[in-house]
Amino acid sequence: MNQKKTPSIQNKKEKKYRFRFPFEGSGQSIQTTITLSFSLLTILGMLFLTVILYNLFNNRMEEKETQNAEQILDQTSMNLENYLKNMRLISDTMYYSVIKESDLGRESIDNEMNLLYDANKDNLVNIACFYNNGDLITSVPIATEKNNAKVKEQPWFHNALVEMENFHFSTPHVQNIFDNTTYRYYWVISLSRAVELTRNGKSTLGVLLIDMNYSSIEQMFDSVNEERQEGYIYLMDNNGEIIYHPKQNLIYSQLFEENNLYHVKQKDGSFEEVFQEENRIVSVKTVSYTGWKIICITPKTSSAVGVYNTRYFLVTLITVIMLTMLLLNQLISIRITGPLKKLTDSIQITDNGTIDQDIYIGGGSEVEYLGNTLKETAHKLRELNDSFLQEQEEKRKSELDALQSQINPHFLYNTLDSIVWMIEGEQYKDAVFMITQLASLFRISLSKGKSVISIEDELKHAKNYMNIQKVRYKDKFEVFFHIDPEILSGSIVKLVIQPILENAIYYAAETMDGDGEIHITGRKEQDDVFIEIKDNGLGMPEETVKVLLTENNRVHKKGSGVGLINVHKRIQLRFGEAYGLIIDSIPDEGTSVKIHLPFVLYQEKNSEKEVRL
Amino acid sequence: MSNRRYITILFSVLFIVMVFSSYQMLSGITPEEKVPVSVIVSDSTNDRWNAMREGMEQAALNYQISLNIISTENLSSAKDLISLMRREIELGAKGIVFEPVDDRGMVEFIEEVGRSVSLVLIQSDIEPGDVYSSVLTDDATLISQLTTALEEKYGEKLMEKKIGIVQSVPYQFALKQRKKLLEDYFREKEISLSWRKNNIYFLSDLVEQDPVDIIIALDNISTEATIDSLLELKKEKKTDLFGIGYSEKAVYYLDRQVVDHLVLNNDFNMGYMSIENIRKMIDYGNQKTNQRIDSYSIGEENMYEEEYQKILFPLVQ
């Protein structure tokens, strides 16, 4: 039992672990399975590739944007530092070369201050020097103060005297201490420092003011911002107070907000933040000496502009590749399965019975080999089939011949024995009659070797036979023929009535001692012919009737030895299973044997092979 | 489902995706087209519009607007303004920001064109209000700040002062409103006004013939005209000027104490918001809003404070 189960389990395991294509086995053709499977694999592969490429590109773009931002910061910081260094240099020059060398009580420093201003007037708005009590010593280009100028209250003045060792850079403001006769006001960044003054030989403290033109710094940053498609840079002092911002006015008007108070706490470098629902990269660079910070803001949407297009470019590219792959898959699958399909179609035609139609030979070597093999197999099958049919026909014929041949020896022996008996009894007339009937019987029996004859001949043969038998049995029975003339032209297997009559004589009339009757009735019912041989003999029980037409009946046979089964099989062999003998018998009343035949008009050509249904 | 249908569906889906992504890619490359918007204000080259122009330019940059500020002299009549607006519409302006100089005769025109072109009114308001957006000065607040400044300076002595009121044009809605509010205030205080002048012509003659202690100018043009008259008559020390408006000249003379007090609007905001509104109207159709802008009360003593200097000197020079 175990040995029987093992292959089944193994098959299940094989099925479980065998690779299956995604669309295999769901009633799809091989072409669809190949196309869809490879297309699915292509799509998955391409999607995977797209995601990888997109992420790589996105990361690379962000890295590039960050590097770009840091480069811009480095460059801007360098420019700003140079500018501020230059301002400090002006301040140093003014202090060390002019103020320190002059006694302000005895000499003026106006000329030197004017020269220095003229040399740098693109970047400067004012140069001024004050005593520590706020009194103006001198200033260029505007020499006078406003009446209400409150110098000591100015942050730059205050800071210079509080931390004397340092330079002090203010936040941008409108300079309001000089008496400007025009309507123009200047935004400046004030660079102030404490200076040691000499006045009439006495040393005192003062403040040197260099007002840098804010527009110089603004232009410096504007030019950077104009070059940037997205994002911007801005500048703030070390307290987070904005010095420059491209949207400064919007910030002042509270139409825009900046995250400067957070940015001021950050160290140099880059980081990402979300500010007002916007993802952005922030790069920070601290300007040396001043502690100012330059901030570069790069919205992630800025790289997204490139990424956005790249995203759709990638999708377009991948889709085009997918479509191409799908077409190629389709072409390849057609190329692979086309010959198989042709082969299948040609086999289907063969199945329909046209075995002589060509089986497709072509395609790849495997398909060609398969076609050749199938063609050869079909050819062999056809030959086998023909051979089988021929053998069957020959077998059937030989069986028929054998069955027919069983009649002659018995009957001939009995009849000749009767004739001998008649001659010995000097009944020459009867002997002549017998011989005449026998001759007629044999003539019909021979029928030129035909196995099918007309019903008329068969009945004539039966009459001859009964005439002979009546002589033999000295008229112990009567024979009556009731034949519908319509059936006489029909076809019948020869010598089928005679064995039945023989049985009727042996099993019926023989025992009746002169009262036996045998009725032969022939009639046509629709397309069938029924010939009934009915006797009034002993009859048979039902059990005996049932086994009469079976191969294994053990009923004792008398007479010629040709049983009813013999006749039955001959009829069926010739006309089919639907025809044959129908036996009815009632004990002590008699037996009826009906020959059931199809009505087939007898023609010479039908006499042998043609009369087959 | 038949084999051919599987393949057809797959092809169709991929093809649609390809067409969609190609379209998105190409539309991403194509820069957004700027929308032409015209701005029509009286005496547009006057520096009193500088802050507003700055605001408009900033908004135009942010909102993809092609800004065309029409050069004008004094637009004193609605007819001239309508003529200019018609010309701009014919030239393809999708929106117009304008200051109605005279509300008479504007109503029908605004009703006519307001349905097809986006309109934003600045400074002033006229009926009907449902076909345009507006960015307006809050006249009640302006007058309230002005009267507060008067009270802070003069206290109870205000009742003893001779006061004159001047405005540049008679029929502008905002000016009529300001004048009415101011007159209501003085009526409540039982202060009678020496004179009211509805234009700036022969202002010096009036100031000379009927001198007053305080002149209240209701707009920037009348403020500048009064400054000129006081300087001409050398009365800048004798007559106090309280003005509404903003210009470099007005600010300069505030610093010089010719103007005692200025009440001004945040013109930068007005410019920015007007362009912002017109972009919304162009993009979203009937999204009409009426906004009022902040105002500031500034004297000589606080004009350099950090908050106010950003308002008074918005431009880097």
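A:Tyr312 is buried in the predicted model, at 16% relative accessibility, where buried denotes under 20% relative accessible area, exposed over 50% and partly exposed the range in between (1.4 Å probe, protein chains only). The model being predicted, local features require pLDDT of at least 70 and side-chain atom pairs count only at pLDDT 80 or more, whereas totals for chains, interfaces and linings use all residues. Residues are numbered from 1 along each chain as its sequence is written, chains are lettered from A in the order in which they are written, and side-chain values use heavy atoms, without hydrogens and water.

The ring of A:Tyr312 forms an edge-to-face aromatic pair with that of B:Phe20, at 6.2 Å centre to centre and 75 degrees between the planes. Rings of Phe, Tyr and Trp (its six-membered ring) pair if their centres lie within 6.5 Å; planes under 30 degrees apart are stacked, over 60 edge-to-face and the rest tilted. Because A:Tyr312 belongs to helix H8 (residues 300-351) of chain A and B:Phe20 to helix H1 (residues 3-29) of chain B, the pair joins two chains. Helices are DSSP runs (H or I, at least four residues), numbered from the N terminus. B:Phe20 is partly exposed, with a relative accessible area of 47%.

Over all chains, 19 aromatic pairs are found. Among them, A:Tyr262 and A:Phe271 have ring centres 6.0 Å apart and planes at 80 degrees, so this pair is edge-to-face. A:Tyr262 is partly exposed at 38% relative accessibility, while A:Phe271 is buried at 19%. One aromatic cluster consists of A:Tyr185, B:Tyr252, B:Tyr253, B:Tyr304 and B:Phe313.

At the interface, 47 residues of chain A and 42 residues of chain B are in contact (heavy atoms within 4.5 Å). The area buried between the two chains is about 4000 Å², with 62% from carbon and sulfur atoms; buried area is the accessible area (1.4 Å probe) lost on putting two parts together, summed over both.

Across this interface 2 salt bridges are found, a salt bridge being a side-chain nitrogen of Lys or Arg within 4 Å of a carboxyl oxygen of Asp or Glu. A:Lys146 and B:Asp255 meet in a salt bridge with an N to O distance of 2.8 Å. Elements giving two or more residues to the side of chain B that touches chain A include H1, helix H9 (248-255) and helix H11 (306-312) of chain B. H1(B) provides the largest share of that side, 16 residues.
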